[in-house]
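Student: Could you show me how to read strand pairing, and then how to go from a single strand to a whole sheet and to the contact between chains?

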There are 2 protein chains.
Amino acid sequence: MHADVPASNAAPLSELLRLFRDGRPRTRAELTAETGLARSTVRSRLDALLDAGLVHSAGSGASTGGRPAGRFVFNARARVALAADVGATHATLTATDLTGSPFATSSLTLDISEGPEPVLKQLVATWRRLLADADLESAPLAGIGVGLPGPVEHSTGKLQNPPIMPGWDGYDVTERLAADFGVPVLVDNEVNLMALGEHTTRFPDTDNLILVKVATGIGAGIISNGSLHRGAVGAAGDMGHILAPQGGEAPCRCGNTGCLEAVASGAAIAAALRKQGLEAHSSSDVVSLLRGGNVIAAQAVRQAGRDIGEVLAGCVSMLNPSLIVVGGSLAQAGEMLLAGVREAIYRRSLPMATQQLDIVASRAGAAAGMLGAAAMVVQHALSPSVLDSELARPA
Amino acid sequence: MHADVPASNAAPLSELLRLFRDGRPRTRAELTAETGLARSTVRSRLDALLDAGLVHSAGSGASTGGRPAGRFVFNARARVALAADVGATHATLTATDLTGSPFATSSLTLDISEGPEPVLKQLVATWRRLLADADLESAPLAGIGVGLPGPVEHSTGKLQNPPIMPGWDGYDVTERLAADFGVPVLVDNEVNLMALGEHTTRFPDTDNLILVKVATGIGAGIISNGSLHRGAVGAAGDMGHILAPQGGEAPCRCGNTGCLEAVASGAAIAAALRKQGLEAHSSSDVVSLLRGGNVIAAQAVRQAGRDIGEVLAGCVSMLNPSLIVVGGSLAQAGEMLLAGVREAIYRRSLPMATQQLDIVASRAGAAAGMLGAAAMVVQHALSPSVLDSELARPA
């Protein structure tokens, strides 16, 4: 049975809060004018947001003859989001406010192959330390967001046969962390969260973008109509296993041949350079050789850029993004990689699809995944379904 | 200046209507229980929907002891949507109710290359006849939706350098039709609307699908997270100009070589068959040869399916749809085309992306684009932004 509740509580408070999220202070009269709602409705909804601490008084506005009108503003510090971007050998963690701006961040080294229990224990300890250092131990949490370096079924938070994560297959990350903190836990793969991080913090007005991560492997994250496109089972963006036009018979770890990852990833380039007698065991070795002026490394990176660009050209035809962001450790090769990417995309794509296309290096850099994980938490916590039901609960 | 309006009018009536769109009758008490809204709020919002004719009385429900409770139901006939799917040589038109179900449909032959004025005149006359025949001349219109066989900038409704549509470049279809009917006009390319039509009428629970049209040319429409993905300038789904792995040096009308359309479209197959001495000038000639048991045609169609499948495999890796729908005139080749498509997709895609993937022939068939155009109108007319502002207007 549902009891009758006041309309002002059941009504979408999230809509009023959405206005405030631009950070601008407003009076009650301004809110009434901006929303077209009745004064009484604005008053009761504003009271609910004030009670929840999500909006607070910003002092008085200009007097309009009578007593000065009170002004109200979004209180981004009302809740704390905890987020982590977990890689194979290290993680970056943060506690942010409700705009996704970090109160504090921290990095740690880990070994993902040790399995979920020790790794998640490290994360929990680091988050607790971040909260303590920032004097936020008693602050209410909005939720926890985690990016992991494997295929994640976003709806359950479980990993699906992750190739580099022994012991994690089917493990319930969500349940483990929720048990510690008692708040919603959201899990996604780190490339999706890099795309979300670039979108929310650096390109908020770009509703259609592709983030390509070029590191040991190659993957992509897609923002479609302003939202992450995860696909049917969370496998979207698996760009590394698309057939590269120049892929030939190159064997790939997936069991197929000619995959983009088999010819253009950091691992593939390093292997090719070793065959030519160079010391290269990782993306960063490749970048070092390039920066040291090695011509063979430069040629290899440029060709990898072309290979990536040829596959991306197909994605451009299909998705018509206005922005491609290239990130990951090999992106530190900078313009040499981007030049190859651009060359191939402009050669292969139709004019209509490239007329408004920018191809840039990552702006959020190594923080992209961590910031995306925080943005995922904030989006969830302030979404109509979550916020309206939270605030409709009897106090 | 905004005047104060009653909260019940400015509040999202669209949300209450959304419940009703399942077609189930409800009493006021059931609505109160279902929404958690106050009785008074339900009463005033329901009155607004009744006044607008969007909901009407469905008689009385079971008595609960006192007087019988009135039941209310969505009135799908409250507005009429006009829609057309316009091809190069013919169009299908319809007038539908607010579930997108046709009151009446009609086909006509036309010549798109005559330019917009004569073609649109034909559409207008046909819609007026459909309305008259169905006795709907005085029915309020929800809007008009038009699918066109060229690249459309959806936000403005203007065509962008359409290759087969002389005289249409930059022409304002929206303005022309709005002048005749005085209602919102929405324009999109026909492949997007085929995807929307299949999604809304045949696969409403499938939030991530790709519709591939294989006819004279090849194009795709993408449903991402339940919505059409149009991309930055409406150029998404341009699958025909992705490099086909077996494309080689085949010249394409776009100026590039090796495009999928240059080797696997109806036009390309017909040209290849002519070189082998067969009479084939269109997709339907190819289908006729195939149905007549011609082995050369069968081999050509099967190989076209493989070529399409190899490009689709990349799209599957990138987008992780749960459904691929193959439509267009060459899809009438049936299993011969689909077999090639499936073969290539399963060979090239990772298991995770194909574990829940279905690959089927079009279910809505030749009506897909027309039904998608109607669905576009209904989605727009009943969207929160349009509906709530319409009903908030003083009567």
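Predicted model: local features only at pLDDT ≥ 70, side-chain atom pairs only at ≥ 80, totals over all residues.

Student: In which sense does S11(B) run relative to S12(B), parallel or antiparallel?

Tutor: S11(B) and S12(B) run antiparallel and are joined by six bridges, with a hairpin of three residues leading from S11(B) to S12(B). One pair to look for is Val214(B), whose bridge partner in S12(B) is Ile218(B).

Student: How many of the residues of strand S11 of chain B are buried?

Tutor: Six of the six residues of strand S11 (residues 209-214) of chain B are buried, so the strand is largely enclosed by the rest of the structure. Both of its faces are covered, with Leu209(B), Leu211(B) and Lys213(B) buried on one side and Ile210(B), Val212(B) and Val214(B) buried on the other.

Student: Turning to chain A, what is the order of the strands in the open sheet of five strands?

Tutor: The order is S6-S5-S4-S7-S10 in chain A, and the pairing is mixed. Strand S6 (102-109) and strand S10 (185-189) of chain A are the edge strands, since each pairs on one side only, and the twist from one strand to the next averages 15 degrees. Within this sheet, strand S4 (residues 80-86) and strand S7 (residues 141-148) of chain A run parallel and are joined by six bridges, Leu82(A) standing opposite Ile144(A) in S7(A).

Student: Which strands does helix H5 of chain A touch, and which does helix H14 of chain A lie across?

Tutor: Helix H5 (residues 116-133) of chain A packs on the sheet and touches S4, strand S5 (90-96) and S6 of chain A, its direction making about 35 degrees with that of S5(A). Helix H14 (residues 368-381) of chain A lies across S4, S5, S7 and S10 of chain A, and runs at about 140 degrees to S7(A).

Student: How many residues of chain B are in contact with chain A?

Tutor: The size of an interface is often given as the accessible area lost when the parts come together. Here we can count residues instead: 53 residues of chain B are in contact with 52 residues of chain A. The largest share of the chain B side, six residues, comes from H11(B), and that side divides into 28 nonpolar, 20 polar and five charged residues.

Technical notes: Residues numbered from 1 in each chain as written. Chains lettered and ligands numbered in written order. Contact = placed C-beta atoms within 7 Å. Helix = DSSP H or I, 4+ residues; strand = E, 2+ residues; numbered from the N terminus. Nonpolar A, V, L, I, M, F, W, Y, C, P; charged D, E, K, R; others polar. Pairing = 2+ DSSP bridges. Axes fitted to C-alpha atoms, helices over the stretch in contact; angles between N-to-C directions. Buried ≥ 20, exposed ≤ 12 C-beta atoms within 10 Å, placed from the backbone.
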